[in-house]
Amino acid sequence: MRGEAVRDWFAQRPGITALAALLAPVLIGVVGLGLAGLLPDVAPAGVLSHFSLPIPFISAPEPTPTPEAREVVPAGRSPVQVPIIEYHYIRVNPDPRDRLGFNLSVTPSDFKAQMDWLQVNGYHAITLNDLRAYFQEQKPLPSRPIVLTFDDGYADFYTTAFPILQAHGFTAVSYVVPGFLDHPRYMTSAQVEEVDGAGIEIGAHTMTHADLTKAGPAQLVLEVEGSKNALEKLLGHPVLDFCYPSGKFNDAVIASLRQFGLQSATTELPGTDHTWDGRLTWKRVRANGGELLSEFIASLGTPEKTVKVAG
Ligand SMILES: [Zn+2]
């Protein structure tokens, strides 16, 4: 009954019916436009074209290509602020009375907390290859660059640090003493090859962990050139970065590194600022066993300012 009443109502008013017929396509067009604006991929121009509305209003907007901007430390700064962290063991120190061992041992849980913090706070782990390329090849560095170095080639680098680094997508530098490889507590040659293949940079740390300031010319050849050559033979590529055992060096030691083609060397001098001229005495930040996360964070210093560049 209600349908008939409506039809009768319209039948008695032909003017209104004609007006409704005239307006219907326009109304549908307006609704269609709204859809096209909201869902440009779902309501393309073709669907709406038969409503005979002006083309410029119904064509879906072209997606504008937005180049991925990224933050970098631009080339050319000297000094450049890059914390080079000095780790030794990543382990729970087995002997509580061994204070030296305790200081050299960052526990796996503390280490993981440090890596978590670096990741969440936008730090990018780089290698010394990257830091050299920054100066030598004017290659920018990623924002908040950091170098994670591990001295001596202990077994726990492979068993404990390496998996945590990988889980965070972080690279690192392992300073290996070739004379200690395959000994108890140290990495095997195969493990060093494996981490090298996985993007960890291997640096030289002498053949016997000798105090180089007490070495004569012949021993310097053995310790400096010998360790570089042994690692290059194992890995099949140049090894250009060195670390002084216990941070000890003098002019004769530096001259020896130059003679044998080492491109960088790290010390235990504290600091985060580096220059190309100072590359054979680069400073480091020591990660001490038992230190609080807040102390670790404070030791990183102020991050180098970045600029935005197109990806
Ligand atoms: Zn060492």
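**Notes on the predicted fold**

1. Let's start with a strand pair: strand 1 (residues 69-73) and strand 7 run antiparallel to each other and are joined over two bridges. Strands here are DSSP runs of E of at least two residues, helices are runs of H or I of at least four residues, and both are numbered from the N terminus. Two strands count as paired if DSSP finds at least two bridges between them. In this pair, valine 73 sits opposite leucine 141 of strand 7.

2. A word on what you're looking at. This is a predicted model, in which local features need pLDDT of at least 70 and side-chain atom pairs count only at pLDDT 80 or more, while totals for chains, interfaces and linings use all residues. Residues are numbered from 1 along each chain as its sequence is written.

3. How confident is the predictor? pLDDT is its confidence in each residue, from 0 to 100; the chain's mean is 87, with 78% of the residues at 70 or more. The stretch to watch is residues 16-56, where pLDDT is below 50, and which has 26 contacts in the model beyond near neighbours in sequence. Where pLDDT is low, the predicted coordinates should not be read in detail.

4. Now the overall picture: the chain has 12 helices and 15 strands. Of its 311 residues, 33% are buried, meaning that 20 or more other C-beta atoms lie within 10 Å of the residue's own; exposed means 12 or fewer, partly exposed is in between, and C-beta atoms are placed from the backbone. Taking contacts with a separation of 6 or more, 64% are between residues 24 or more positions apart; a contact is two C-beta atoms, placed from the backbone, within 7 Å.

5. Back to the opening pair.

6. Helix 6 (residues 108-120) deserves a look. Its 13 residues reach 18 Å from first C-alpha to last, close to the expected 18 Å, which is 1.5 Å times one less than the number of residues. Phe111, Gln114, Met115 and Leu118 are its buried residues. Seen down the helix axis they fall within an arc of 95 degrees, so they line one face of helix 6; the arc is that of the directions from the axis to the C-beta atoms. Ser109 and Val120, on the other side, are exposed. The buried residues pack against several elements, including strand 8 (145-152) and helix 8 (155-167). Just after helix 6, glycine 122 has a positive phi of about 80 degrees.

7. Strand 9 (residues 173-176) is covered on both faces, with Val173 and Tyr175 buried on one side and Ser174 and Val176 on the other. Strand 9 pairs in parallel with strand 8 over four bridges, and also in parallel with strand 10 (residues 201-204) over four bridges. Valine 176 stands opposite aspartate 152 and opposite alanine 204 in strand 10.

8. Strand 8, helix 8 and strand 9 form a right-handed β-α-β unit, as do strand 9, helix 9 (residues 189-197) and strand 10. Right-handed means that, with the strands pointing away from the viewer, the path from the first strand over the helix to the second runs clockwise.

9. Finally, alanine 198 is in the loop between helix 9 and strand 10. Why is alanine 198 called exposed? Because alanine 198 has 11 other C-beta atoms within 10 Å. Threonine 171, 27 residues away in sequence, is 8.7 Å from alanine 198, C-alpha to C-alpha.

Note on methods:
pLDDT is the predictor's confidence in each residue, from 0 to 100.
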